[in-house]
Amino acid sequence: MKKFFLLLSVFMCLTCMAQKAFKPVTTALKAKNYKEALQQIGMLRKDSLYRENTKLCVYAIEAQRGLNDAENMKLYLKQNYDTLSFFSTTYEIVREAIRLDSIEKKMFEERQQKPKHTKFIIDQLHRYYPNLQAAVRFFYKKNNAGETTKYARAYLDIPSTQIGKSAALSPQNIESNAAIYLVSSFEKKDYAEVHRYESEARKSQPFHFKVIDDLAYTAQEENDTATYVNLLTEGWNAYPDSRTFFLRLADFYNQQGKFEKVIQLAEKQITYDSTDITAYFAKCMAHYNMKDYKACIQSAENMLSVDSVNADAHYYIGASLMAEIDAMPIPNKASSSVYRKFLSEQQSLYKKAEVQLEIYRSLAPQAKQQWAPLLYKVYLALNRGKKFAEIEQIMEQ
């Protein structure tokens, strides 16, 4: 009996202390000074004695609801409306409800103390949880990746929790919200989080292109070459008209020195679109790197048939002609007819290269490092006095 009265006395003492400690909070709530109430709650939670007190959760919800209702009223009265405050208080109400549920479950596990606020918690979730999705869309449109992922994760995770199931929360547009989370995580360069809802995000048709694109870049950042190539291939097959995935695939194989593969990809792309300048460009680059200069010139001419003022096409024709000159075998006898024929062919190729490289220079004057060395050789070989002097001066700058 003494033990019982001792425990009762301790309980009453703690209750009295709590009431006294909570007085500033309840006073602020009665005065509708909700920000002051939240400040007082924050201070109390620094004390381990009150940190997991359920009343503080209820008070916090009341304060956040007061602030949230104030913004709703402004909207109703068509006054200036603080969207950020509205969504922030919505989030905090949901967070406090989850926190309250967690504390009560812990109390039940440790002390068999039956939860008292389950209905209250469920009511808050029913009312405020749906607004989290609106917040996701709002912050996504504002390009605020940090806030977007915060709200999206809450919206996607809460329904699968025990209290979320008890409340029978039914999230809408799961695939799109998952995609938004993925895209926003990528924007934050939080590559581990990109994969959190990947399977659901992939199902979102409106975001499908962006999801595959960001997953491919993520794989590249993670040095996962096999996944990177698979994703680019998947994207290319799904969106051949965009050229994005084709170009990155072609660039990948070009860097790997797999030029035959680049040509195969380019030819396949041309079957999708015979006017795709990027496919002809990829073939040009691959043929040039393979030292198949005649094929490179042919691809460049195909480029010009699609785009008559394409600078790169003129460059590759000129550079290929110069490479052909360098590859020409020099006859042994300088006086022979064979040697004279060699010189004639060489001069002819130089003149053809001159035309192409001068066009390239006029179309891409900023690409001095590409055209200047080649034109220097051309003008020297063709004895173009004034032009050679000019290009020599340019080379010395």
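A crossing is left-handed if the near helix is turned anticlockwise from the far one by less than a right angle, and right-handed if clockwise. I worked on a predicted model, in which local features need pLDDT of at least 70, side-chain atom pairs count only at pLDDT 80 or more, and totals for chains, interfaces and linings use all residues. Residues are numbered from 1 along each chain as its sequence is written, and side-chain values use heavy atoms, with hydrogens and water left out.

Entry on H19 and H20. I took helices as DSSP runs of H or I with at least four residues, numbered from the N terminus. H19 (residues 337-363) passes H20 (residues 368-382) in a left-handed crossing. I noted an angle of about 145° and axes 10 Å apart; the axes are lines fitted to C-alpha atoms over the stretch in contact, and angles run from 0 to 180 degrees between N-to-C directions. Residues in contact (heavy atoms within 4.5 Å) include Tyr-350 and Leu-357 in H19, and Trp-371 and Leu-374 in H20.

Entry on Asn-68. I located Asn-68 in helix H3 (residues 54-76). Asn-68 counts as buried because its relative accessibility is 0% (buried is under 20% relative accessible area, with a 1.4 Å probe and protein chains only). Its side chain reaches the backbone oxygen of Phe-86 at 3.0 Å. Beyond neighbours within four places in sequence, Asn-68 touches Phe-86, Thr-89, Thr-90, Ile-93 and Tyr-128.

Entry on cysteines. I looked for disulfides (cysteine sulfur atoms within 2.5 Å) and counted zero. The sulfur of Cys-296 is 4.4 Å from its closest cysteine sulfur, in Cys-284, and therefore too far for a bond. Cys-296 is buried at 0%.

How values were computed: Helices (H or I, at least four residues) and strands (E, at least two) are DSSP runs, numbered from the N terminus. Buried means under 20% relative accessible area, exposed over 50%, partly exposed in between (1.4 Å probe, protein chains only). A polar contact is a pair of N or O atoms within 3.5 Å; within protein, one must be able to donate a hydrogen and the other to accept it, and residues adjacent in sequence count only if both atoms are side-chain atoms.
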